[in-house]
Amino acid sequence: LMMSGNSWITESKPVKVSFPTASNSNFEKDIDKAQSGAEAGTGYFKVRWDGKDVSPALASVKVENPNKVISWGSLYWQYFEQLDKITTFEKTPLTLKKQLFKVELSDTGEKIRQVSKSDVKVGDKLKVRIELRVDRDMEYVHMKDMRASGFEPMNVLSSYKWQGGLGYYESTKDASTNFFFDYLPKGTYVFEYPLRVVHNGDFSNGITTIQCMYAPEFTSHSEGERFLIKE
């Protein structure tokens with residue numbers, strides 16, 4: 001990469017970043033100060049502001065690059081929220097839908113039905129179903145499915161799996177089940193795995209998240225849920 005095109009590291013003029021609608025000029029001063037100590041060669045720098053300083057005016061950003069080479073950058077808002085209050089995020093090429101089913105025995109074998117938040121008791125066998133939709137081919141994708149501490153996975157051994165033309169590695173951890181895809185073709189996929197209800201109480205079942213490791217802007221998550229487990 002460094003041997004082709006213009007010399008990327010000789011262009012070292014600072015990129016001008018400003019917030020046209022923000023009345024506080026200290027933001028731009030903070031950026032200028034951080035740029036003065038930027039990493040040699042790459043020009044990397046980072047600025048962080050506390051929540052009390054963040055306002056809607058920061059949503060408008062102007063970037064001026066005086067160099068002949070391209071520049072990369074990102075601006076993100078980070079905050080904490082209760083897991084069961086998180087809603088589904090569907091504005092990326094990745095879309096997730098998570099459902100929980102109860103496995104019941106019948107004369108014809110096992111049957112499943114979707115459970116409500118208070119329709120679970122200790123000893124029940126549950127099945128997690130994750131529906132993933134991808135609108136383009138991707139590589140190196142990680143999907144993490146959290147679970148309530150009242151649930152225990154029945155698949156405890158991590159292994160490589162193949163289904164429906166898709167290969168992936170499934171890894172079971174203490175609080176989540178992880179899926180790793182080195183290649184994720186465009187399409188719709190359904191993943192299922194069984195759980196056993198082992199404790200009663202009021203539990204957050206967490207969320208399911210997915211992210212492309214080399215293009216982290218491609219990310220999504222399911223909604224959060226709580227379950228009231230009976231004895």
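The following is a conversation about how the features of this predicted model get their names.

Colleague: Before we start, what should I keep in mind about this predicted model?

Modeller: Residues are numbered from 1 along each chain as its sequence is written, and local features need pLDDT of at least 70, with side-chain atom pairs counted only at pLDDT 80 or more, while totals for chains, interfaces and linings use all residues. Side-chain values use heavy atoms, with hydrogens and water left out.

Colleague: Why is Phe27 called buried?

Modeller: Buried means under 20% relative accessible area, exposed means over 50%, and partly exposed is in between, using a 1.4 Å probe and protein chains only. Phe27 has 6%, so it is buried. Of the 231 residues of the protein, 32% count as buried.

Colleague: And Asp124, which sits in a loop: buried or exposed?

Modeller: Its relative accessible area is 9%, so Asp124 is buried. The loop in question runs between strand 5 (120–121) and strand 6 (125–134). The C-alpha atom of Asp124 is 37 Å from that of Pro216, which is 92 residues away along the chain.

Colleague: How is Tyr189 in strand 12 classed by its accessibility?

Modeller: With 12% relative accessibility, Tyr189 counts as buried.

Colleague: Why is Lys230 called partly exposed?

Modeller: Lys230 has 47% relative accessibility, so it counts as partly exposed. This lysine lies in strand 16 (residues 226–230). Its C-alpha atom and that of Ile86, 144 residues apart along the chain, are separated by 24 Å.

Colleague: What makes Tyr140 stand out?

Modeller: Its phi is positive, about 55°, although Tyr140 is not a glycine. Most residues other than glycine have a negative phi. Tyr140 belongs to strand 7 (residues 138–146) and, with 44% relative accessibility, counts as partly exposed.

Colleague: How many aromatic pairs are there, by your rule?

Modeller: The count comes to 12. Rings of Phe, Tyr and Trp (its six-membered ring) pair if their centres lie within 6.5 Å; planes under 30 degrees apart count as stacked, over 60 as edge-to-face and the rest as tilted.

Colleague: Why is the pair of Phe27 and Trp49 called edge-to-face?

Modeller: The ring centres of Phe27 and Trp49 are 5.2 Å apart and the planes stand at 90°, so the pair is edge-to-face. Phe27 is in helix 1 (residues 26–36) and Trp49 in the loop between helix 1 and strand 2 (62–64), so the pair ties together parts that are 22 residues apart in sequence.

Colleague: And what makes Phe181 and Phe191 a tilted pair?

Modeller: The distance is 5.6 Å centre to centre, with 55° between the planes. The pair links strand 11 (residues 176–184), which holds Phe181, to strand 12 (residues 187–197), which holds Phe191, 10 residues apart. Both phenylalanines are buried. They also belong to one aromatic cluster with Tyr168, Phe179 and Tyr193.

Colleague: How do you know that Arg129 sits over the ring of Phe101?

Modeller: The rule asks for NZ of Lys or CZ of Arg within 6 Å of the ring centre and within 35 degrees of the ring normal. The charged end of Arg129 sits over the ring, 4.7 Å from its centre.

Colleague: Last one: which residues lie nearest the centre of the largest pocket?

Modeller: Phe45, Lys46, Trp72, Gly73 and Ser74, out of 46 lining residues. A pocket is an open set of points on a 1 Å grid over the protein atoms alone, where a 1.4 Å probe fits, with protein on both sides within 12 Å along at least five of seven lines; lining residues have an atom within 4 Å of a point.

Terms used: Helices (H or I, at least four residues) and strands (E, at least two) are DSSP runs, numbered from the N terminus.
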